[in-house]
Amino acid sequence: GVAHWDDEDESTWAAVEFVAVGTPLADLGRLARPAQGLDLRMYLARLVEDYAARGGRVVVGPLPGTAPDLAASTTGHDVVVVAGGRSSRLAPALFAVRADRSPYAQPQRQLVAGLYEGLAPTDPRALSFNLTPGAGEIFQQPFLTDRGVAAAMLVEAVPGGPLEPITQFDVSADPKGFARALLHVLEEFAPTIAARADPDRFGLL
């Protein structure tokens, strides 16, 4: 199999913490089977190694220039996975928007995600789901990286709402300023997460 990380207990969680901020709604649910967060850069690299070790042929090269070129390159393969994302230059030709299946013309959330240190885990370890009506959602969970277990966090901001500014912060220009701003956001919109943060250590991994 490919279950190389089953013994990594600190990145495994078996509960979901739900908090509706600004309301008395909160709950802790238990999963029938534990889940685990893994850094895809580490996970996919190991899967490629496994594939090659089992006789697979790994080819690394540039993306074909056109959709027909890409289609031609699939000859002789049973399965082809296109993982270029919507920003890929081939995306419009390969995956045109279906207006009949796309009720929205604009994104319904603006996102910012990162891996952080200085955040203590929940007890028991859990996926923390914080919802603020009109503002958006904040998710946090343990996440295994090549540098150990980190705290993964995703902010989903309603466009034009109070969470949107943090998604537009220039992180590369001021990572420490971003961490301070995010901590203020957590204090208001995800206080259960903010309570686990060490202000002197909290920041991007």
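This is a predicted model: local features need pLDDT of at least 70, side-chain atom pairs count only at pLDDT 80 or more; totals for chains, interfaces and linings use all residues.

The entries below cover the sheet, the charged pairs, an arginine and a surface patch.

Entry 1: I started with the strand order and found an open sheet of 7 strands, β2-β1-β4-β5-β6-β3-β7, with mixed pairing. β2 (26–36) and β7 (203–204) are the edge strands; each has a single partner, so one side of each lacks a neighbour in the sheet.

**Entry 2: strand pairs.** I then went through some of the pairings. β1 (residues 12–20) and β4 (residues 127–132) run parallel and are joined by 5 bridges. Across that pair I found F18 opposite F129 in β4. β4 and β5 run antiparallel, again with 5 bridges. In their hairpin, 3 residues separate the strands, and G134 has a positive phi near 85 degrees. β5 (residues 136–145) pairs with β6 (residues 148–157) in the antiparallel sense over 10 bridges, and there F139 faces L154 in β6.

**Entry 3: salt bridges.** How many salt bridges does the structure hold? I noted 4, and I looked at some of them.

- E137 and R109 meet at 2.9 Å, N to O. E137 is buried at 9% relative accessibility, while R109 is partly exposed at 33%. I also noted that E137, in β5, is the bridge partner of L131.
- R41 pairs with D39, with the closest N and O atoms 2.6 Å apart. R41 is exposed, at 64% relative accessible area, whereas D39 is buried at 7%.
- D100 and R98 meet at 2.8 Å, N to O. D100 is exposed at 59%, and R98 is partly exposed at 44%.

**Entry 4: R196.** I wanted to know which side chain of opposite charge is nearest to R196. The R196 side chain does reach the backbone oxygen of A120, at 2.6 Å. R196 itself lies in the loop between α6 (191–194) and β7.

**Entry 5: the surface.** Last, I looked at a nonpolar patch made of V48, Y51, V58 and V60, with about 400 Å² of accessible area together. V48 belongs to helix α1 (residues 40–53) and is partly exposed, at 41% relative accessibility.

Methods:
Residues are numbered from 1 along each chain as its sequence is written. Side-chain values use heavy atoms; hydrogens and water are left out. Patches are made of residues with over 30% relative accessible area and no salt bridge: like charges are joined within 9 Å, nonpolar side chains (Val, Leu, Ile, Met, Phe, Trp, Tyr) within 5 Å. Accessible areas come from the Shrake-Rupley method with a 1.4 Å probe; for residues, only the protein chains shown count as cover. Helices (H or I, at least four residues) and strands (E, at least two) are DSSP runs, numbered from the N terminus. Buried means under 20% relative accessible area, exposed over 50%, partly exposed in between (1.4 Å probe, protein chains only). Two strands pair if DSSP finds at least two bridges between them. Lys and Arg count as positive and Asp and Glu as negative; His and the chain ends are not counted. A polar contact is a pair of N or O atoms within 3.5 Å; within protein, one must be able to donate a hydrogen and the other to accept it, and residues adjacent in sequence count only if both atoms are side-chain atoms.
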